[in-house]
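The exercises below are meant to be worked through with the sequence and the 3D structure in view. Try each task before reading the solution that follows.

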Amino acid sequence: MKVYVPRDASARALGADAVAQAVIREAEKSGLPVELVRNGSRGMTWLEPLVEIETQSGRTAFGPMTPEDVPALLFKDITKHPKAIGPVEDLPWFARQTRLTFARVGLIDPLSMTDYEANGGLQGLRNALGMTGEELIDTLKLSGLRGRGGAGFPTGIKWDTVRLAQAPQKYIVCNADEGDSGTFADRMLMEGDPFTLIEGMAIAGVTVGATRGYVYIRSEYPDAIEVMSEAIRVARLNGLLGPSLLGTGPAFDMEVRVGAGAYVCGEETSLLNSLEGKRGTVRAKPPLPAIQGLFGKPTVVNNVISLATVPWILANGHEAYKDFGLGRSRGTIPLQIAGNVKHGGLFETAFGMSLGEIVNDIGGGTFSGRPVKAVQVGGPLGAYFPASKFATPFGYEEFDGQGGLIGHAGVVVFDDSVDMLQQARFALEFCAVESCGKCTPCRLGAVRGVETVDRIAAGDASAMPLLIDLCDTMRDGSLCALGGFTPYPVMSALTHFPDDFATVKEAAE
Amino acid sequence: MLDSADFSARLREIIDAHLGLEGPLLPILHAVQAEWGHIPEPAIPQIANALNLGRAEVHGVVTFYHDFRHAPAGQTVIKVCAAEACQAQGGRDLVAATLKAFGLKDYGTTADGRVTVEPIYCLGLCACGPAALVGDRLLGRATAKSLQEAAQ
């Protein structure tokens with residue numbers, strides 16, 4: 001009997017290790033031959049720890065499991081188990097998804113190259129090794145893939161710039177500094193299917209002529225660091241990395257680098273400085289990292305999900321990918337539904353689903369059962385959306401048109417107990433803590449912004465225009481998205497929830 | 001103790017183990033902190049020397065990143081998520097209750113040096129918040145009680 005107990009950080013945070021220990025203990029006690037696999041998460045966090053059992057009749061799930069639920073799982077009729085929920089693929093929440101990038105996450109043993117290949121792994125790289133640089137770039141451009149870190153820049157154009165640059169050394173850098181609250185897709189992918197990311201980086205190396213790669217993972221993700229490091233070791237043993245990719249291709253190798261708790265290092269130029277061993281301050285662009293990136297060399301900097309999606313596109317063709325989506329947002333997006341939500345987790349779907357459908361239909365409304373008041377989309381630098389904007393379809397341009405951004409596709413739900421003035425204050429406070437200090441509007445503006453919100457909270461109405469003016473200055477006068485986008489949560493809170501900024505003032509008057 | 005020959009020799013080993021890397025400073029600092037629980041002041045000139053950097057440059061890097069400590073933390077470090085997704089699930093109350101449970105007025109270390117409570121901005125456990133990290137143990141749907149138990 002094969003038993004799957006996730007080793008994903010969210011499953012572990014909800015007690016998966018104790019469940020796994022119970023499985024081993026009970027199996028040893030009874031002499032039952034049990035093979036325990038620590039897989040990734042299937043993405044339904046509210047069912048974690050979600051255990052699966054593979055028998056001749058297929059794979060079926062149980063959750064949320066506790067150690068006390070384990071004996072009945074191993075020794076009794078499992079169809080009658082109180083936590084039985086049937087095959088994961090049949091659960092409506094799972095069946096509604098379009099899992100391309102996350103197809104293998106939760107399904108396979110993350111560190112088994114055999115599992116990986118048996119489920120479509122390496123096909124993208126094999127195809128890539130038979131193509132010219134131009135053909136690879138064309139495929140990427142035609143797929144419509146855009147940067148999933150949030151900026152949405154066309155991946156094919158970025159790679160082509162690096163490909164055409166002349167230099168003795170080029171680099172592939174994976175930005176796994178997923179610091180946005182409400183996002184965990186990068187973490188889940190690295191913990192659940194790390195070879196996909198390695199394959200994507202190898203394809204990038206082949207395409208642009210780079211032989212070295214770095215994956216910069218934030219220190220807040222110890223599990224992802226562990227799995228990625230081990231996966232790189234296994235990949236080397238199996239020829240997925242090394243002097244000749246798969247024995248026939250060019251050289252490519254990579255290593256993990258660990259961040260040190262600076263949010264701003266998720267910004268690509270800060271990240272490059274950090275990799276070089278410097279303070280993680282932002283660089284002015286130009287020069288673009290594609291021309292002068294890591295150590296001044298042409299560098300592809302991409303988010304985990306962008307890189308991990310490339311193998312699917314190469315294996316299945318650009319048409320198949322482009323067929324999904326809406327407008328200029330092609331393909332799928334792994335939504336991360338989080339915060340005060342009943343059914344939170346990772347939901348990969350084609351672009352175009354409305355925000356309301358995501359929050360109410362997929363997410364099932366709030367965890368607390370109270371009405372939804374606000375939804376922050378795109379992390380700490382994303383706008384707060386009121387329910388009146390729930391018709392907005394999930395796409396880069398569509399959210400931009402509504403004064404927001406999709407960012408890394410985190411969707412954080414708040415119920416009606418949230419005080420939006422406090423959320424605006426927090427956005428500025430966070431910016432003050434995390435500012436790299438390079439741009440004055442960000443470094444000083446964030447601090448002044450907190451003080452100004454406090455004045456508003458104390459009933460000083462004259463502070464309101466100051467805050468708006470300050471937000472304009474930060475937006476226009478900052479080099480990167482930290483200072484430039486902090487006005488999004490602040491201004492959206494102010495615009496859509498004016499009552500939270502007014503009640504205290506009126507009471508004071 | 002820290003400026004003894006032993007310290008210097010051990011630091012030399014750590015530095016040498018990383019000199020083959022491109023951009024070795026952050027990996028060295030992580031290794032130094034793993035060894036001594038913080039970045040001891042005397043380490044800075046020696047690292048600077050080995051990497052052909054100025055002391056000020058190394059000091060600047062150490063102080064830029066939140067992870068690097070100037071003094072060792074308490075025996076158990078509790079990092080409570082203070083970011084939005086956890087706030088939506090009562091994270092602010094959890095921070096307050098945790099500080100209170102350990103008799104702290106603000107983030108920091110208890111007088112007996114047993115526990116350090118710090119904020120962390122996102123553990124990627126945003127669908128099971130509020131979240132926390134106690135030592136190396138992750139906690140989802142955390143309460144002040146579950147944090148205290150994990151810290152035992």
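Two residues are in contact if their C-beta atoms, placed from the backbone, lie within 7 Å. This is a predicted model, in which local features need pLDDT of at least 70 and side-chain atom pairs count only at pLDDT 80 or more, while totals for chains, interfaces and linings use all residues. Residues are numbered from 1 along each chain as its sequence is written, and chains are lettered from A and ligands numbered from 1 in the order in which they are written.

**Exercise 1. Describe chain A as a whole.**

Begin with the contacts: among those in chain A that join residues at least 6 apart in sequence, 72% link residues at least 24 apart. Then consider the extent: along the principal axes, the C-alpha atoms of chain A fill a box of roughly 75 × 60 × 40 Å. The radius of gyration is taken over C-alpha atoms, and the globule rule is 2.2 Å times the number of residues to the power 0.38. For 509 residues a compact globule would have a value near 23 Å, and chain A, with 23 Å, agrees. Last, count a residue as buried if 20 or more other C-beta atoms, placed from the backbone, lie within 10 Å of its own; buried residues make up 57% of chain A.

**Exercise 2. Work out how helix H9 (residues 185–192) and helix H13 (residues 304–316) of chain A pack.**

Two packed helices are described by the angle between their axes and the distance between the axes. Axes are lines fitted to C-alpha atoms, for helices over the stretch in contact, and angles run from 0 to 180 degrees between N-to-C directions. For H9(A) and H13(A) the angle is about 45 degrees and the axes are 9 Å apart. Angles under 35 degrees count as roughly parallel, over 145 as roughly antiparallel, 65 to 115 as roughly perpendicular and the rest as oblique, and H9(A) and H13(A) are therefore oblique to each other. On the H9(A) side the contact is made by Ala185(A), Asp186(A), Leu189(A) and Met190(A), and on the H13(A) side by Val304(A), Ile305(A) and Ala308(A).

**Exercise 3. Which residues of H12(A) are buried, and what do they pack against?**

Helix H12 covers residues 268–275 of chain A, and eight of its eight residues are buried, so the helix is largely enclosed by the rest of the structure. The buried residues are Glu268(A), Thr269(A), Ser270(A), Leu271(A), Leu272(A), Asn273(A), Ser274(A) and Leu275(A). Within chain A they pack against strands S6 (171–176), S7 (212–217), S8 (253–258) and S9 (299–303), and in chain B they pack against helix H2 (25–36). After H12(A) comes Gly277(A), whose phi is positive, near 90 degrees.

**Exercise 4. Describe the contact between the chains, and then chain B.**

The contact takes 46 residues from chain A and 33 residues from chain B. On the side of chain A, the elements that give two or more residues are helix H1 (9–13), S8, H12, strand S12 (332–339) and strand S16 (410–415). Turning to chain B, its secondary structure comes to seven helices and five strands, which run α-α-α-α-β-α-α-β-β-β-β-α from the N terminus on. Buried residues make up 39% of the 152 residues in chain B.

Conventions
Buried ≥ 20, exposed ≤ 12 C-beta atoms within 10 Å, placed from the backbone. Helix = DSSP H or I, 4+ residues; strand = E, 2+ residues; numbered from the N terminus.
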